[in-house]
Amino acid sequence: MLNTNKLLLTLVILLTTFYFIQAQPGCPNVEAGNNVTVNCNSPCTTLTASCLATGATTTYTASSIPYNPPYPYNAGTPILVNIDDRWSNVINLPF
């Protein structure tokens, strides 16, 4: 019974923590106000909107990484793939 209570308490704490910790300061949305009906007699209206200010990125860093593929691209059994309707002998795969 004691282990079940500890597990339940831990689960509640984790779920509560994940609920309140978010990567963004809020949910992105646009609030455009009330609905407006436009008819032929007055075809124009003024639209206003507000949005969630999430901040701006003012700095960034770009760096290169060394080109180091895990396998060479110039080894193995060459296969002609640009020829249509031709057959070859069986090609054994390495796996």
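In this predicted model, Val 12 has a relative accessible area of 44% and is therefore partly exposed. Val 12 belongs to helix 1, which covers residues 2-20. A nonpolar surface patch of about 380 Å² includes Val 12, together with Leu 8, Leu 11 and Leu 15.

**Secondary structure**
- One helix and two strands make up the secondary structure elements of the protein chain.
- Their order along the sequence is α-β-β.

**Burial and surface**
- The protein chain has 95 residues, of which 1% count as buried.
- Val 12 falls between the cut-offs of 20% and 50%, because its relative accessible area is 44%.

**Cysteines**
- The number of disulfides comes to zero, counting pairs of cysteine sulfur atoms within 2.5 Å.
- A disulfide is a covalent bond that joins the sulfur atoms of two cysteines.
- Cys 40 has a relative accessible area of 79%, so this residue is exposed.
- Cys 44 also counts as exposed, because its relative accessibility is 68%.
- The cut-off behind both assignments is a relative accessible area over 50%.

Technical notes. Residues are numbered from 1 along each chain as its sequence is written. This is a predicted model: local features need pLDDT of at least 70, side-chain atom pairs count only at pLDDT 80 or more; totals for chains, interfaces and linings use all residues. Side-chain values use heavy atoms; hydrogens and water are left out. Patches are made of residues with over 30% relative accessible area and no salt bridge: like charges are joined within 9 Å, nonpolar side chains (Val, Leu, Ile, Met, Phe, Trp, Tyr) within 5 Å. Accessible areas come from the Shrake-Rupley method with a 1.4 Å probe; for residues, only the protein chains shown count as cover. A salt bridge is a side-chain nitrogen of Lys or Arg within 4 Å of a carboxyl oxygen of Asp or Glu. Helices (H or I, at least four residues) and strands (E, at least two) are DSSP runs, numbered from the N terminus. Buried means under 20% relative accessible area, exposed over 50%, partly exposed in between (1.4 Å probe, protein chains only).
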